[in-house]
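Here is a short tour of one protein model, written to be read with the viewer open.

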Amino acid sequence: MAFCIITDSASDIPQSVIKEYGLHVIPTPVTIDEKDYFDGDTIFPEEFYRIQKENKSEIKTYHISQYMFEQHFEPFAKRGDEVLYICFSTGIAGTFQAANLAKDEILERYPDFKITIIDSKCASIGFGLVVYKLLKMQKNGAPRELLIEAAKFYCEHMEHVVTVTTLEYLARGGRLSRSSAAIGSVLDIKPIIIVDEKGALVASEKVRGMKKAVKRCLELVKEKGAELSRQTVGICYGADESICEDAERALREEFHVKEILKTQVGCAIGAHTGPGILGIVFENAIDERFEEYL
C-alpha cells in the first residue's frame with residue numbers, strides 16, 4: 001500500500017516536478033466555444049493564451065465534477081493505496097465539495113479506502129508550492145502523520161500577492177464592474193490581489209503602473225514573509241515570462257530566498273486574470289518540525 005499525494009491542475013505545479021515525483025494531477029475543465037478541454041491534458045497554457053488573446057472565443061471554467069473525481073480516485077482505491085489530496089480553494093471553486101461527494105461514493109464500494117482531502121484555501125502555485133514541499137518531505141522520509149500535519153500548516157500559512165496588467169478579464173469574470181475596469185484602464189490602475197482567510201481572491205489595494213505594482217508586491221512579501229532566506233518562494237506568470245524578471249531578481253538578490261519555484265499559470269486562474277499576471281507566494285510562518293525533511 002502506497003501513501004500517494006495528489007492534486008489538481010489549478011495548482012499550476014511545474015511539469016518538471018510532476019515528472020520528477022510521478023505526481024498524479026487531476027485536470028481542471030475549461031470550456032472554449034462550448035467545447036470541453038482539460039487543463040494540462042488536452043489544452044496547455046501556450047495554446048490557451050493564444051486563444052484568449054485572439055478575443056474571438058467564449059471561455060468559461062467550471063470545477064471538477066463528482067464523476068470526474070470518482071474516475072481519478074477509484075484506481076487508488078482498487079490498489080489499496082492511501083491518498084492525500086490537496087485541492088483548489090473553496091473560496092474560488094466548488095472543487096472541495098465535489099471531491100467529498102466522490103469520496104463518499106467511492107467508500108461505498110471500497111470501504112477500506114483511506115483518503116484525506118484538504119481544502120488548500122490557496123490558488124495556483126500557492127497550493128502547488130504546498131504539494132512540492134510535501135513531495136520533498138515524503139522523499140526524505142517524513143511519516144504519513146507528519147505529512148498530513150504539514151499539509152494543513154502550509155495551507156494555513158501560505159500568502160499570495162498577485163497583480164495583473166489589465167482589468168479586462170477580472171471584469172469579464174464578474175470580479176470587477178465594467179465601469180471600474182474602464183476607469184482603471186484609463187488611469188493605468190493595477191490591483192494588488194491577495195487570497196483572504198476564506199480562500200477568496202480579493203483586490204486589497206490599487207496602484208498606478210505595473211512597475212509600482214510589482215514593487216508593492218515585493219514590499220508585501222518582505223512585510224509578511226517569515227525568514228525568507230530559508231524559504232522556497234513560488235512565482236507565476238501567464239503568457240509572458242519576462243513579467244517575472246524584476247520580482248525574481250529581487251527575491252534572489254535582496255531577499256536571498258533559498259529557492260524559487262517558477263511556473264506558468266494555467267486555465268483555471270488564467271481565464272479570469274488574463275495573460276498578464278504576476279503572482280508571488282510564500283509562507284508567513286515556519287515550523288521546525290517540517291524543516292528537517294526539506
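## The parallel sheet

Strands β1 (residues 3-8) and β6 (residues 82-87) run parallel and are joined by five bridges. Within this pairing, cysteine 4 has valine 83 of β6 as its bridge partner. Helices (H or I, at least four residues) and strands (E, at least two) are DSSP runs, numbered from the N terminus, and two strands pair if DSSP finds at least two bridges between them. This is a predicted model, in which local features need pLDDT of at least 70 and side-chain atom pairs count only at pLDDT 80 or more, while totals for chains, interfaces and linings use all residues. Residues are numbered from 1 along each chain as its sequence is written, and side-chain values use heavy atoms, with hydrogens and water left out.

The open sheet has four strands in the order β2-β1-β6-β7, with parallel pairing. At its edges stand β2 (24-26) and β7 (115-119), each with a single partner strand, so one side of each is left without a neighbour in the sheet. From one strand to the next, the twist averages 25 degrees.

## Helices across the sheet

Helix α3 lies across β1, β2, β6 and β7, running at about 160 degrees to β2. Helix α6 (residues 144-156) lies across β1, β6 and β7, at about 5 degrees to β6. Here axes are lines fitted to C-alpha atoms, for helices over the stretch in contact (heavy atoms within 4.5 Å), and angles run from 0 to 180 degrees between N-to-C directions.

Take a closer look at α3. Its buried residues (under 20% relative accessible area, 1.4 Å probe, protein chains only) are Met68, Phe69, Glu70, Phe73, Phe76 and Ala77. After α3 comes glycine 80, with a positive phi near 80 degrees.

## An enclosed strand

Now turn to strand β8 (residues 158-164): seven of its seven residues are buried, so the strand is largely enclosed by the rest of the structure. Met158, His160, Val162 and Val164 point one way, Glu159, Val161 and Thr163 the other. In a regular strand the side chains alternate between the two faces of the sheet.

β8 runs antiparallel to strand β13 (residues 277-283), and seven bridges join the two. Glycine 279 in β13 is the bridge partner of valine 162.

## A buried loop residue

Threonine 28 sits in the loop between β2 and β3 (29-32). Is threonine 28 buried or exposed? Threonine 28 is buried, with a relative accessible area of 7%. Leaving aside neighbours within four places in sequence, its contacts include Asp8, Tyr37, Tyr62 and Ala268.

Technical notes. Buried means under 20% relative accessible area, exposed over 50%, partly exposed in between (1.4 Å probe, protein chains only).
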